[in-house]
Amino acid sequence: DYKVMISIEGCMTTIGCEEPDSMELITEGTLSETPQGYTLRYRESEITGLDGTETVFDISGDTITLTRSGDLSSQLVFRQDQKHYSMCSTPYGTLTI
């Protein structure tokens, strides 16, 4: 495992607002090589609203799987030109994304 600094930039547009809201999170994490590819892991912070959640990116070929566990649990699969539906469990209930 390698200790790494992770920079995540996000942008959100709210209906009725002309300017998008953007944020950047810089945090420590780990990068591991696996037989299938790579795993990037970090703990969410209070700033993201997901304190108590661990986020893991598994990168394998043309697929990236984002798994969150802890106070919020979800798994999202990203593959070019394919749709995936996932369940997300929150303290307020479960939703499909």
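Start with everything selected: of the 97 residues of the protein chain, 23% count as buried (buried means under 20% relative accessible area, exposed over 50%, and partly exposed in between, with a 1.4 Å probe and protein chains only). A word on what you're looking at: this is a predicted model, where local features need pLDDT of at least 70 and side-chain atom pairs count only at pLDDT 80 or more, while totals for chains, interfaces and linings use all residues. Residues are numbered from 1 along each chain as its sequence is written, and side-chain values use heavy atoms, with hydrogens and water left out.

**The whole chain**

Which elements run along the chain from the N terminus? They go β-β-β-β-β-β-β-β. The count is zero helices and eight strands (both are DSSP runs numbered from the N terminus: helices are H or I with at least four residues, strands are E with at least two). Along its principal axes, the C-alpha trace spans about 45 × 30 × 30 Å. Among contacts between residues at least 6 apart in sequence, 12% join residues at least 24 apart (contact means heavy atoms within 4.5 Å).

You'll find an open sheet of eight strands in the order 1-2-3-4-5-6-7-8, with antiparallel pairing (two strands pair if DSSP finds at least two bridges between them). Select strand 1 (2-12) and strand 8 (93-96): these stand at the edges with a single partner strand each, so one side of each has no neighbour in the sheet. Neighbouring strands of this sheet are turned by 25° against each other on average, direction ignored (axes are lines fitted to C-alpha atoms, for helices over the stretch in contact, and angles run from 0 to 180 degrees between N-to-C directions). What holds strands together in general? Strands of a sheet pair through backbone hydrogen bonds, either parallel or antiparallel.

Next, select S32, which sits in strand 2 (residues 21-33). Is S32 buried or exposed? It counts as buried, because its relative accessibility is 15%. Show side chains and look for the polar contact of 2.5 Å between S32 and D1 (a polar contact is a pair of N or O atoms within 3.5 Å; within protein, one must be able to donate a hydrogen and the other to accept it, and residues adjacent in sequence count only if both atoms are side-chain atoms). Leaving aside neighbours within four places in sequence, S32 is in contact with D1, G37, Y38 and T39.

Move to strand 4 (residues 53-60), which pairs with strand 5 in the antiparallel sense over eight bridges. The hairpin of these two strands has two residues between them, and there G61 takes a positive phi near 60°. Click I64 in strand 5: I59 is a bridge partner of I64 on one side, and F78 in strand 6 is another.

Strand 5 (residues 63-70) is joined to strand 6 (residues 73-79) by six bridges, again antiparallel. A hairpin links the two through two residues. Also select R68, which stands opposite S74 in strand 6.

**The largest pocket**

The largest pocket has a volume of about 250 Å³ (on a 1 Å grid over the protein atoms alone, a pocket is an open set of points with protein on both sides within 12 Å along at least five of seven lines, and lining residues have an atom within 4 Å of a point; points are joined across faces, edges and corners, and the volume is the space filled by probe spheres set on them). Of the 16 lining residues, the closest to the pocket's centre are I8, G10, M23, T48 and R68. Strand 1, strand 2 and strand 5 each give two or more residues to the lining, and strand 1 has the largest share, with five.

**Last stop: a loop**

Select Q80 and D81. Both Q80 and D81 lie in the loop between strand 6 and strand 7. Q80 is exposed at 67% relative accessible area, and D81 is exposed at 73%. Phi of D81 is near 65°, a positive value in a residue other than glycine. Finally, draw a distance from Q80 to E33: they are 47 residues apart in sequence and 22 Å apart in space, C-alpha to C-alpha.

Notes. On a 1 Å grid over the protein atoms alone, a cavity is a set of points where a 1.4 Å probe fits but cannot get out, and a pocket is an open set with protein on both sides within 12 Å along at least five of seven lines; lining residues have an atom within 4 Å of a point.
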